[in-house]
Amino acid sequence: MAPVELENANPEVFQRSGERNITADEENDDVIDRIDNREVFDLIRGINDPEHPLTLEELNVLELEHVQINDEDNTVTVEFTPTIPHCSMATLIGLSIRVKLLRSLPTRFKVDVRITPGSHASEHAVNKQLADKERVAAALENGHLINVVNQCLATRKR
């Protein structure tokens, strides 16, 4: 069996952001706790890259500034930036982000995951795939693909 050649064999690794500080209000069950962009970022920042033993945050694929939430309108938008402009894993990364959010957020939220504008050669095609509910549903019925997504979502010990 021939060795697998990585598209980005030596990616730049970035420092992880610190853990979120929990306030007294967040621990109080009587206070309405709105979901904010940091909470959404914390849900997805630990997703594993499909090619490297690093998280999407460590590869700077995900950044807090590219997570938008409107709790009143029940919308979440996440933009991600592949490490290289021709990354063949972009759709898989976007699908992993979408699945994590669909599994973690209340069902009232509409989730939109897309590539950061100008960061990928096939940006339009990947965004179209990620926005198509039927294509996403079909992808999640594929046993092999859902196994790969679940590996991306598995928690790694640090």
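User: What makes β1 and β2 a pair, and in which sense do they run?

Analyst: Keep in mind that this is a predicted model. Two strands count as paired once there are at least two bridges between them. Here 4 bridges join β1 to β2, and the two run antiparallel, so they pass that cut-off. One example is Gln68, whose bridge partner in β2 is Thr77.

User: Why is Asn74 called partly exposed?

Analyst: Buried would need under 20% relative accessible area, and exposed would need over 50%. Asn74 comes out at 22%, so it counts as partly exposed.

User: How do you know which strand β2 pairs with in the parallel sense?

Analyst: Count the bridges again: β2 and β3 share 6 of them, in the parallel sense. With at least two needed, they therefore count as a pair. Along this pairing, Thr77 stands opposite Asp112 in β3. Together with α3, these two strands make a right-handed β-α-β unit.

User: What makes you say that β2 is largely enclosed?

Analyst: 5 of its 6 residues are buried, so the rest of the structure largely encloses β2. Take Val78: leaving out residues up to four places away in sequence, Val78 touches Val40, Ile44, Leu62, His66, Val67, Ile97, Leu101, Asp112, Val113 and Arg114.

User: Which residues touch the most other members of the largest nonpolar core?

Analyst: Val78, Phe80, Ile97 and Leu101 do, in a core of 35 residues. At least two residues of this core come from each of α2, β2, α3, β3 (110–115), α4 (123–131), α5 and α6. The most come from α3, which gives 7 residues. As a general matter, nonpolar side chains in soluble globular proteins tend to be buried together.

User: Why does Pro82 count as buried, and what is it in contact with?

Analyst: The cut-off for buried is under 20%. Pro82 has 6% relative accessibility, so it counts as buried. Pro82 belongs to the loop between β2 (75–80) and α3 (90–104). Beyond its neighbours within four places in sequence, Pro82 is in contact with Cys87, Ala90, Ile115, Ser119 and His120. As for Leu62, which is 20 residues away along the chain, its C-alpha atom is 8.8 Å from that of Pro82.

User: How do you know that the buried residues of α6 are on the same side?

Analyst: First, the buried residues of α6 (residues 143–153) are Ile146, Val148, Val149, Cys152 and Leu153. They cover an arc of only 155° around the axis, which means that they lie on the same side of α6. Over on the other side, His144 and Gln151 are exposed. The buried residues of α6 pack against α3 and α5 (133–141).

Key
Residues are numbered from 1 along each chain as its sequence is written. This is a predicted model: local features need pLDDT of at least 70, side-chain atom pairs count only at pLDDT 80 or more; totals for chains, interfaces and linings use all residues. Side-chain values use heavy atoms; hydrogens and water are left out. Buried means under 20% relative accessible area, exposed over 50%, partly exposed in between (1.4 Å probe, protein chains only). Contact means heavy atoms within 4.5 Å. The arc is that of the directions from the helix axis to the C-beta atoms. A nonpolar core is a set of buried Ala, Val, Leu, Ile, Met, Phe, Trp, Tyr and Cys residues joined through side-chain atoms within 4.5 Å. A crossover is right-handed if, with the strands pointing away from the viewer, the path from the first strand over the helix to the second runs clockwise.
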